[in-house]
Amino acid sequence: MKHVTGWLLVLPAAVLLATFTHVPAVATLWTSLHSTPKKNRPAIWVGLDNYQAMLADPVFWQSLKNNAWFALGTIPTSIALALAMAWLVNAKLSGRGFLRMSYFTPTVLPMIAVANIWLFFYTPGYGLVDRAVNLLGFGGSHNWLGTQSTVLLCLIIVTIWKEAGFFMIFYLAALQGIAPALGEAASIEGAGRWYVFRRVTFPLLMPTTMFVLINAVINSFRLVDHIVVMTKGGPDNASSLLLYYVYDVGFKFWDTAYAAALTMVLLGILAALAIGQFLFLERRIHYQ
């Protein structure tokens with residue numbers, strides 16, 4: 001009877017999870033193995049043809065490479081910055097509440113609003129970035145979002161600005177949950193602040209770090225809004241990320257079968273990264 005009660009309690013969440021996660025994933029896989037239906041031509045079984053076409057698609061490989069650089073630029077920086085901000089606002093400072101609010105404010109702003117704000121910042125000639133560069137003595141204007149060498153870096157900066165405050169909240173809660181006696185005991189033994197952080201505080205933050213890392217990885221592969229507003233994947237696909245390319249193929253070219261194949265590759269990458277994170281970090285997690 002206890003087992004039946006447990007399963008009944010889990011049933012509503014399991015139904016929601018299956019309805020909005022597993023069923024769509026299976027449907028997407030099925031769609032990726034068919035052709036895109038047209039007005040007078042129903043979908044037909046094509047097997048792995050869409051995946052073979054993907055291997056020969058240069059835009060797919062460009063988007064995948066862009067996404068890899070985007071992930072490498074945003075994930076470690078956002079996490080490190082969030083931890084530093086949490087450490088700062090957890091200290092006894094005057095105006096600590098205002099500082100916390102300032103860090104967290106970008107998180108609650110709508111993504112479209114954030115994209116438009118930064119679009120103005122990056123505007124050549126009179127944008128905030130060009131004005132700051134001119135104040136430093138580097139004259140002229142630069143088309144930050146229209147140059148292949150700088151556009152991806154610009155998106156990385158916007159994402160870090162938007163995400164770091166969100167991750168900070170989790171680290172702040174974790175820091176406040178650590179017993180002060182642990183740090184005090186280490187200090188009495190003569191340990192320095194850096195040693196206490198490295199040997200006591202950070203190991204106890206590993207469960208939070210794992211949670212934040214998983215979210216950061218997912219966020220690095222789901223950016224669409226900022227790209228639609230700021231760059232539309234340009235110039236010459238230099239800012240096209242994998243999910244944006246899925247959006248482009250599915251809603252601009254209406255090739256739903258190929259978009260489904262791209263989605264399955266994206267799901268496979270995220271699943272592999274999640275499994276790798278659990279296998280690599282599980283042994284390094286310390287629970288109080």
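User: Which residues does Q277 touch, not counting residues up to four places away in sequence?

Analyst: In this predicted model, Q277 touches M210, L213, I214, V217 and E282 once residues up to four places away in sequence are left out. Q277 itself lies in helix α13.

User: Why does Q277 count as buried?

Analyst: The relative accessibility of Q277 is 10%, and buried means under 20% relative accessible area, so Q277 counts as buried.

User: What makes S149 exposed?

Analyst: S149, which is found in helix α7, has a relative accessible area of 62%. Exposed means over 50%, and therefore S149 is called exposed.

User: How far apart are S149 and P235 in sequence and in space?

Analyst: In sequence S149 and P235 are 86 residues apart, while in space they are 9.8 Å apart, taken from C-alpha to C-alpha.

User: Which residues touch the most other members of the largest nonpolar core?

Analyst: Those residues are Y171 and L262, in a core that has 42 residues. The elements giving two or more residues to this core are α2, α3, α7, α9, α10, α12 and α13, and the largest share, nine residues, comes from α3. Leaving aside residues up to four places away in sequence, L262 touches M54, F60, Y245, V246 and V249. Another core, of 21 residues, lies apart from the largest one, and W118, C154, I156 and A238 are among its residues.

User: How do α3 and α10 pack, and what is the handedness of their crossing?

Analyst: The two helices pack at an angle of about 145°, with their axes 9 Å apart, and α3 passes α10 in a right-handed crossing. The contact is made by N67, F70, A71, T74, I75 and I79 of α3, together with V212, L213, A216, V217 and S220 of α10.

User: How do the residues of the contact of α3 with α10 divide into nonpolar, polar and charged?

Analyst: Eight of the residues in this contact are nonpolar, three are polar and none is charged. Asp, Glu, Lys and Arg are the residues that count as charged, and the contact of α3 with α10 has no charged residue.

User: Where in the chain is confidence lowest, and where is it highest?

Analyst: Confidence is lowest in helix α8, residues 180-188, at a mean of 73, and highest in α3, at 94. For the chain, the mean pLDDT is 87, and 97% of its residues reach 70 or more.

Conventions:
Residues numbered from 1 in each chain as written. Predicted model: local features only at pLDDT ≥ 70, side-chain atom pairs only at ≥ 80, totals over all residues. Heavy atoms only, no water. Core = buried A, V, L, I, M, F, W, Y, C linked by side-chain atoms within 4.5 Å. Buried < 20%, exposed > 50% of the residue type's maximum accessible area, 1.4 Å probe, protein only. Helix = DSSP H or I, 4+ residues; strand = E, 2+ residues; numbered from the N terminus. Contact = heavy atoms within 4.5 Å. Axes fitted to C-alpha atoms, helices over the stretch in contact; angles between N-to-C directions. Left-handed = near helix turned anticlockwise from the far one by under 90°. pLDDT = per-residue confidence, 0-100.
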